[in-house]
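Q: Could you walk me through this one?

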Amino acid sequence: MKVVNEMCPNVTRIYNIGKSYSGLKLYAIEISDNPGEHEVGEPEFRYTAGSHGNEVLGRELLLLLMQFMCLEYLSGNQRIRHLVEETRIHLLPSVNPDGYEKAFEVGSELSGWSLGRWSNDGIDIHHNFPDLNSILWEAEAKKWIPRKMFNHHVPIPDWYLTKNASVAVETRALIAWMEKMPFVLGGNLQGGELVVTFPYDKTRSQWVTREQTPTPDDHVFRWLAFSYASTHRLMTDANQRVCHTEDFAKEDGTINGASWHTAAGSMNDFSFLHTNCFELSMYVGCDKFPHESELPEEWENNRESLLVFMEQVHRGIKGVVRDVQGRGIANAIISVEGISHDIRTAADGDYWRLLNPGEYRVTARAEGYSLTSKKCEVGYEMGATRCDFIIGRTNLSRIKEIMEKFNKQPIKLPVRQLQARRSRERRLGT
């Protein structure tokens, strides 16, 4: 990572998001034409790897990817230059460095399937996130949405944030990072299979271990998964030997996570339900810890997929929600008719909404503002459609603002006067 940063100092920045249980730093590299700052209108993308420390191929692929992007940027590759200039890319190669250290001691002749899988305090980081699915589904069953609860940005329950909760320090660092950056799309690289999985990862029916459990954005997730699998050299190859027992090539190399095996509190489900980011898991090779001599071939297997998937962050609509004075409005809600999952604007009022080609009715709303709707069309060519909104203050919020400005309280009639007025109005039939 240091070598890449030294080769491409103008478009890279190394930072860390926190520390592991044993104190190792969780390093990330940012690749962007303006490292260190969020640019209005530019989407943020992330790849993570190594949440299971013994699945090392993803870690190596991200190191190769950052090196490849730096060299190709310097040589003037237009595709890479466009990606770097139009996207803020974050690569975090080793989420669980403690587990990796354990697995590395044994090396490619890994003894057992699980050595180094967990964090140093015995936690599976990838499935250590709060189970927000149950909270959302319970609210849906009680018809609390949208009056009492939103269909997105589901809050983390209080118990999860307590010191005594069995939450890995690495998981806490990931959550803080996910909440800080306005990520739009993410992929976490894993090992031991050849398949791309997409949310939900938890079955909706209790006690059922395998069940199709689609999100409201199922069509988008299926496309995103297929964009990686179909450009991988082996995932959709019918002649490819299956890794273990399941032939995922028959399913186009993709599968809904819950229909493979249910898992509560996955990073993918959490990312979708708590943030704006659509997250998928890429299982990039049968062997969890391949020999070094196999890396060049594994890189060729995954190189195009890694680039194509990154480019999907520019699919759908994007824009800025502003007030009448032209100021960006943070946390404005963007709704798409027919899809019961909203997203929110970032700090500057900019937003990105991943969508497949089609025509959509989109609404922007924010507290204290009137809502505005418009039709937005998504084409087949790459590049998100621009769809900006200007929303004005509601009369009520403007009155409140004026009264606060002049230190005046809203007029409150005594209760008796109010009751007398209401009974008089009823008598007169008004």
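Q: What kind of model is it?
A: It is a predicted model, in which local features need pLDDT of at least 70, side-chain atom pairs count only at pLDDT 80 or more, and totals for chains, interfaces and linings use all residues. Residues are numbered from 1 along each chain as its sequence is written, and side-chain values use heavy atoms, with hydrogens and water left out.

Q: Which domains does the chain have?
A: Domain 1 (1-314) and domain 2 (317-406), with bounds from an automatic or database domain assignment.

Q: How many residues of each are in contact?
A: 26 residues of domain 1 touch 20 residues of domain 2, where contact means heavy atoms within 4.5 Å. The domain centres, taken over C-alpha atoms, are 28 Å apart.

Q: What is the strand order in the four-stranded sheet?
A: The order is E11-E10-E13-E14, open and antiparallel. Strands are DSSP runs of E with at least two residues, helices are runs of H or I with at least four, and both are numbered from the N terminus. Two strands pair if DSSP finds at least two bridges between them.

Q: Which strands are at the edges?
A: Strand E11 (339-344) and strand E14 (372-378), each pairing on one side only.

Q: And what joins E13 to E14?
A: Seven bridges, with E13 covering residues 358-365. Tyr-360 has Cys-376 in E14 as its bridge partner.

Q: New topic: which helices supply the nonpolar patch?
A: Helix H1 (2-7) and helix H2 (57-74) each give at least two residues. Leu-74, for one, lies in H2.
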